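I have a new structure open and want to get my bearings in it. These are my notes, in the order I looked things up.

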Amino acid sequence: TLYHGIGAVLMGSIPTHAIVFSVFHYTKQIVEQQQLSQRRLLTEFTCAALGEIASLSTYVPSEVIAKRMQVSSVTNPGQRPPYLSSFHALGVISRTEGIRGLYTGLYSTAARDIPFTALQLTIFEQLKRLFGISDSSHRGASSGGMWINGALGGVAGGLAAAVTTPFDVAKTQLQTTNKYRGVWHCLSHTMRYHGFRGLFRGVAPRVLWVAPASAITLSVYERMVSLCSKAMAHHPDTERISS
């Protein structure tokens, strides 16, 4: 039961990450080619946010399916599960609840994940420049190795996770109780009755969970950008265009 719903997680994670990094990379390239990148931090923040917005189309349904499967395995132990597989859960939820059911929690997820991804990628790009490994000749790829990229990615992910913890608290509260009208109502209520400590409840485990994941994700992303850029540089069509 520890891995119940992992099929839905994998089914959503692969296209979600592909969408985030594709949109981020190519929108940033377009802005840089148009020489509109004087405000570099704002450009990176905006492009990363756009990538996350696009990726919610696949991430939210996969999370809904995974959560339903996990909850059903805990609340109905020893009984026949209502969902036989991730695809079966997708079909059941779509048929009984429609699109709205698949996108339950969209706004709370967006409130947490859009600022997180925007901050994470902005901090990561800033750290690459700070350490002198942002290689513009490779279309923005890092010239650092996997370990350096991983370390910087872990720092970026950890910082972004810490800053956006209040949104994660709000998302959890909205998913588990019916006391709040929305994200901002939840945040204001938590601040009023529990202070900053309430808003940042669980910040340590969140950072410890997110930082290693960000280290792996961003080091692999940088490696793939470098490999793809070098492959494109030697492609005949690319050479004809550049000449």
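**Ground rules.** I take helices (H or I, at least four residues) and strands (E, at least two) as DSSP runs, numbered from the N terminus. This is a predicted model, so I keep its limits in view: local features need pLDDT of at least 70, side-chain atom pairs count only at pLDDT 80 or more, and totals for chains, interfaces and linings use all residues. Residues are numbered from 1 along each chain as its sequence is written, and side-chain values use heavy atoms, leaving out hydrogens and water.

**Overall fold.** I found 9 helices and 0 strands. For burial I use these cut-offs: buried is under 20% relative accessible area, exposed is over 50%, and partly exposed is in between (1.4 Å probe, protein chains only). On that scale 40% of the 243 residues are buried. I call heavy atoms within 4.5 Å a contact. Of the contacts with a separation of 6 or more, 75% are between residues 24 or more positions apart.

**Thr164.** I looked up where Thr164 sits, and it is in the loop between α5 and α6. Is Thr164 buried or exposed? It counts as buried because its relative accessible area is 1%. A polar atom of its side chain lies 2.7 Å from the backbone oxygen of Ala160. Leaving aside residues up to four places away in sequence, Thr164 touches Arg112, Pro115, Phe116, Leu119 and Arg206.

**Helix α5.** Ala160 is among the buried residues of α5, as are Gly150, Gly154 and Gly158. I checked the helix length too, with the expected span taken as 1.5 Å times one less than the number of residues. The 18 residues of α5 (146-163) should span 26 Å, and the end C-alpha atoms are 25 Å apart, so the two agree.

**Arg112.** The side chains of Arg112 and Asp113 make one of 2.6 Å. Beyond four places in sequence, Arg112 touches several residues, including Tyr59, Glu63, Asp168 and Arg206. Just after α4, I noted that Gly132 takes a positive phi of about 70°.

**Largest pocket.** My pocket search ran on a 1 Å grid over the protein atoms alone: a pocket is an open set of points where a 1.4 Å probe fits, with protein on both sides within 12 Å along at least five of seven lines, and lining residues have an atom within 4 Å of a point. The largest pocket has a volume of about 1400 Å³. It is lined by 41 residues, and those closest to its centre are His17, Tyr59, Arg112, Trp209 and Ala213. So which helix gives the largest share of this lining? It is α1, with 10 residues.

**Second largest pocket.** This one holds about 550 Å³ of space. Of its 20 lining residues, Thr104, Gly105, Ser108, Leu174 and Gln175 are the closest to its centre. Two or more lining residues come from each of α2, α4 and α6.

Notes: Polar contact = N/O pair within 3.5 Å; in protein donor to acceptor, adjacent residues only side chain to side chain. Points joined across faces, edges and corners; volume = space filled by probe spheres on them.
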